[in-house]
Amino acid sequence: MKNKSLAFQIWIVISGILLLISLVLMIIFPTTLRNFFTNEIYNTIENEQHILTEYRLQGDMDMDPLNPNGEKLSPDRSVQHIILPENAPFFYNEKKLPLRFLQETQSLAARQEAITEEYSRVIGDERLFFVIKKVSLDGQPAFLLSYAWDSYRNDLVLTLFKQLVLVMIIVFLFSWLPSIWLAKYLSRPLVSLEKDVKRISNEDWHEPVILERSDEIGKLGSSIEQMRQRLVKKDEAQRTLLQNISHDLKTPVMVIRGYAKSVNDGIYPKGDLTSTMDVIEEESERLEKKIKDLLYIRKLDYLSSRNASKEKLYLNRIVQEVIERIRWSRQELDYSIQLEEAVIHGDQELWMKLLENLFENQLRYADTIIGAKLTREGSDYLLKIWNDGPPIEEDILVHLFEPFHKGSNGEFGLGLNIVKRIAELHGGKVWAVNEKGMSTFYVKIPL
């Protein structure tokens with residue numbers, strides 16, 4: 001059935017549930033009715049006995065329900081009565097009840113301890129329900145036998161059962177139409193979502209997924225819409241990435257090819273062979289660094305979709321190590337370092353890359369000093385890095401960590417984007433401000 005449409009499956013399930021309920025009711029209902037009417041028969045017999053004995057005790061002969069033979073046909077035609085003497089032998093010529101049964105009943109009544117007792121016996125093909133009550137007749141102890149046949153109960157059960165079957169058939173037939181409507185109503189938004197997902201899978205994701213519902217289906221539609229928006233952003237980012245890659249790689253390749261061709265023709269654009277080859281080597285290094293950064297971004301994309309292994313790290317030691325490695329690049333600079341011990345969990349190689357990119361950025365712009373401060377603030381560590389160079393342009397500041405956005409003297413616009421991605425991989429965040437006339441970078445890392 002899983003290969004059928006969802007609407008058909010829902011309709012089959014609803015119809016099956018209705019059919020199952022009908023079958024259960026048809027099985028349970030007769031038994032329940034029989035038990036109910038059995039209790040009702042006993043209640044009816046006892047009520048008739050009460051009326052009979054009350055009349056007799058009051059001596060109202062006009063209302064005396066007993067006939068000369070000791071029998072009574074009460075207003076309830078289903079209940080009949082017989083007076084049984086306690087000690088005298090009983091002789092009975094009517095054919096309604098067997099004489100042997102009456103004699104056994106007389107013995108049963110003689111052994112009865114309670115005033116009233118309920119009994120039942122099978123006589124012939126029918127069941128007889130009867131109640132024996134101790135009474136006093138003309139000052140002599142006697143027993144009042146009141147009885148009703150099972151056919152009365154069976155007639156009621158059969159009648160009500162037929163009514164139930166008819167009602168269930170009508171309900172089952174008329175439930176098909178609403179069940180079909182409900183199946184289509186429930187499957188319609190899912191069919192719409194299936195079309196949207198198929199459209200998105202074909203990279204046609206510019207039309208929004210609109211599903212005005214707040215239930216589980218609506219939440220599914222919202223999740224698909226969020227996925228679509230992320231795919232659109234990722235697609236735009238990839239397009240921008242390819243455009244910038246093609247542009248940024250084209251320049252060093254053209255310079256290298258142009259200079260190499262010139263050297264091959266015996267022409268030295270920089271005046272001599274050594275200076276010309278230095279340009280080729282410099283452009284080759286820039287090209288290599290850009291390619292490495294691009295590959296690193298792809299690596300971060302891969303890690304973002306995986307649960308990367310993390311180890312215990314002392315961030316203060318890593319910061320100190322990176323600073324010691326970069327000092328030689330500009331030995332004339334002063335360094336203001338304040339590092340508290342900070343224990344985090346993460347990937348050491350990634351944190352080294354993050355800090356190297358940040359400090360390389362500081363080296364590029366610093367005039368006389370580079371500062372670094374690591375402190376604990378609540379449930380986070382806060383790393384502050386600054387330099388006394390020119391402040392960051394305001395129009396650049398808001399886009400500083402986006403790929404291929406770079407300030408003056410920037411290289412490729414990828415270094416700070418790598419910093420942001422690494423921080424986010426560790427649940428942290430990074431931002432930049434112009435603080436007290438100095439360009440300042442902050443990295444917040446959770447404990």
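Select E281. With a relative accessibility of 47%, E281 counts as partly exposed. (Under 20% relative accessible area is buried, over 50% is exposed, and partly exposed lies in between, using a 1.4 Å probe and protein chains only.) E281 sits in helix α5, residues 273-304. (Helices are DSSP runs of H or I with at least four residues, strands are runs of E with at least two, and both are numbered from the N terminus.) This is a predicted model, where local features need pLDDT of at least 70 and side-chain atom pairs count only at pLDDT 80 or more, while totals for chains, interfaces and linings use all residues. Residues are numbered from 1 along each chain as its sequence is written, and side-chain values use heavy atoms, leaving out hydrogens and water.

Together with E281 they form a negative surface patch. (Patch residues have over 30% relative accessible area and no salt bridge; like charges are joined within 9 Å, and nonpolar side chains, meaning Val, Leu, Ile, Met, Phe, Trp and Tyr, within 5 Å. Asp and Glu count as negative, Lys and Arg as positive; His and the chain ends are not counted. A charge is placed at NZ of Lys, CZ of Arg, CG of Asp or CD of Glu.)

Next, a nonpolar patch. Select L166, I169, I170, L173 and F174, which share about 500 Å² of accessible area on the surface. (Accessible areas come from the Shrake-Rupley method with a 1.4 Å probe; for residues, only the protein chains shown count as cover.) Pick out F174 in helix α3, residues 150-201. F174 is exposed, at 60% relative accessible area.

Stay on helix α3 and select R199 and D196. They form a salt bridge, with the closest N and O atoms 3.0 Å apart. (A salt bridge is a side-chain nitrogen of Lys or Arg within 4 Å of a carboxyl oxygen of Asp or Glu.) The two residues are 3 apart in helix α3, about one turn. An α-helix has 3.6 residues a turn, so residues three or four places apart point the same way. Both R199 and D196 are buried.

Select R325 and E356. Their side chains meet in a salt bridge, 2.8 Å from N to O. R325 is in helix α6 (residues 315-326) and E356 in helix α7 (residues 348-365), so the pair ties together parts 31 residues apart in sequence. R325 is partly exposed, at 42% relative accessibility.

Then try K384 and E435. This salt bridge spans 2.9 Å, N to O. K384 belongs to strand β10 (residues 380-387) and E435 to strand β11 (residues 429-435), so the pair ties together parts 51 residues apart in sequence. K384 is partly exposed at 22%, and E435 is partly exposed at 26%. The count of salt bridges comes to 7.

Is K133 buried or exposed? Select K133 in strand β4, residues 126-137. K133 is buried, at 17% relative accessible area. Beyond its neighbours within four places in sequence, its contacts (heavy atoms within 4.5 Å) include Q49, H50, I115 and F143.

Move to helix α9, residues 415-425. Its buried residues are L416, N417, I418, V419, I422 and A423. Just after α9, G427 has a positive phi of about 75°.

Finally, show the whole chain. There are 9 helices and 12 strands. Of its 447 residues, 37% count as buried.
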